[in-house]
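I opened the model to look up a few strands and a helix. My notes follow below the display.

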Amino acid sequence: MNEQEPVELAVIARQAGVRVTLVRRYVEFGLFEPAPGTSQAPLFAPSNASRLAKAERLRRDLGLNYAGAVLACELLDRIRELENRTD
Amino acid sequence: MAVEFKDYYEVLGVPRDASQEDIRRAYRKLARTYHPDVNQDSDAEERFKELGEANEVLSDPEKRERYDRLGSQWRAQERTTGSGENFEDFFDQQGFGGGDVRFEFGDGDFSDFFGRLFGDGAGMRTSGPLRGLDREALLELSLEDAVAGGRRRLTVEGGRGIDVNFPAGVRDGQLIRLAGKGAPGRDGGPAGDLYLRVRLKPHPTFRRQGDDLDVDVPVAPWEAALGATVPVPTLTGTARVKVPAGSSSGRRLRLRGRGLAKQGGGHGDLHGIVKITVPRHLSDEERELFEKLAEVSDFDPRKNRA
């Protein structure tokens, strides 16, 4: 129901509706990282799928590059966090 | 179905003689403002789709020319017929599409108006499948429902009704993820997820303090003084609780584990709070006994006051 077991990159790609190479690229740009203790065979939290889809929507819709999309995601997270804190 | 005329210039906020550069600039700025991942307003997504459609038409000189031509004809017709007719009739009369023409647009991202205008499939740029947006909806529950779990019918964006099952022991503020129940994907991409945010409604009897609950326990003066076993309501029924002799108002009687579910397992506690209650009217005999008590007692409740 809540946070599930980490999954392989291919699962994230399928859930986000994108190709695995694209997920790799986002990982290179630091959008998200492998779950702790899985550096040998990297696994990722399933919640990253929606984050990835969001970055990709922003990149395509607003004409950003990868670094820009990752930055936008981080700033949006930041804003939500601050808004939640002031609620 | 009537197809409404859309003023794409108005959508982008540019004059009719705007240059391609003006249009591009206006679109980029508004797209950044109304992108549904950026803007949390409920109508942002609708607005963003409109922007995309307006940009699709106006940024392409060929489509813009066609739109301008049809638009001015439509307005001319509106003047002669007194606006009694809709754009769809206009299209049919002009011999543009109608009938069995099928339009293929990514999950209805573009309006019927656009479909009428460019029904030959000159449509949107295809950019491959992409997962739909995640949605969030509020799940308001009574404390009893939160403890027991159950099923609820929710209306989500777009008027869709969905049945959701929620487990026993959900907490205030908890997110429940329903995979694939969010917005549809783009170009065959998977749907996003729906997140239900649990909110526990205030309860007429129980006051919530985090995972713990408080409930008043009214007792008679003699019960408080002599001790008694009294019924106390819980979320699942009634418990019998011992009020020790010599309990004053405000004394907390803990019922361990009868509160709400805790994060990471276990339950909070239920606190019965002693509330000494006196009869509004005394019988002659009661009055006599209280007067007698007042006479013989040297109890001073205000003794320790500074």
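How many bridges join β10(B) to strand β11 of chain B, and do they run parallel or antiparallel? I counted 4 bridges between β10(B) and β11 (residues 270-276), and the two strands run antiparallel. Two strands pair here if DSSP finds at least two bridges between them. Helices (H or I, at least four residues) and strands (E, at least two) are DSSP runs, numbered from the N terminus.

Before going on, I noted that this is a predicted model, in which local features need pLDDT of at least 70, side-chain atom pairs count only at pLDDT 80 or more, and totals for chains, interfaces and linings use all residues. Residues are numbered from 1 along each chain as its sequence is written, while chains are lettered from A and ligands numbered from 1 in the order in which they are written.

**Entry 1: sheet with β10(B)**

I looked up one pair of residues and found B:Arg254 to be the bridge partner of B:His271 in β11(B). The sheet is open and has 4 strands, in the order β6-β7-β11-β10 of chain B, with mixed pairing. Its edge strands are β6 (207-209) and β10 (252-255), and each pairs on one side only.

I then followed the other pairs. β7(B) and β11(B) run parallel and are joined by 7 bridges, with B:Asp216 partnered by B:Ile273. β6(B) pairs with β7 (residues 212-219) in the antiparallel sense over 3 bridges, and B:Gln209 stands opposite B:Asp212. The hairpin of β6(B) and β7(B) has 2 residues between the strands, and B:Gly210 takes a positive phi near 65° there.

**Entry 2: sheet with β5(B)**

I found an open sheet of 3 strands in chain B, ordered β1-β5-β4, with mixed pairing. β1 (135-141) and β4 (175-178) each have a single partner strand, so one side of each is left without a neighbour in the sheet. β4(B) is joined to β5 (residues 194-200) by 4 bridges, and the two run antiparallel. I noted B:Tyr195 as the bridge partner of B:Arg177.

**Entry 3: helix α3(A)**

I checked the length of α3 (residues 48-62) in chain A. Its 15 residues should span 21 Å at 1.5 Å a residue, and its end C-alpha atoms are 21 Å apart, which agrees. The expected span is 1.5 Å times one less than the number of residues.

After α3(A) comes A:Gly63, whose phi is positive, near 70°.
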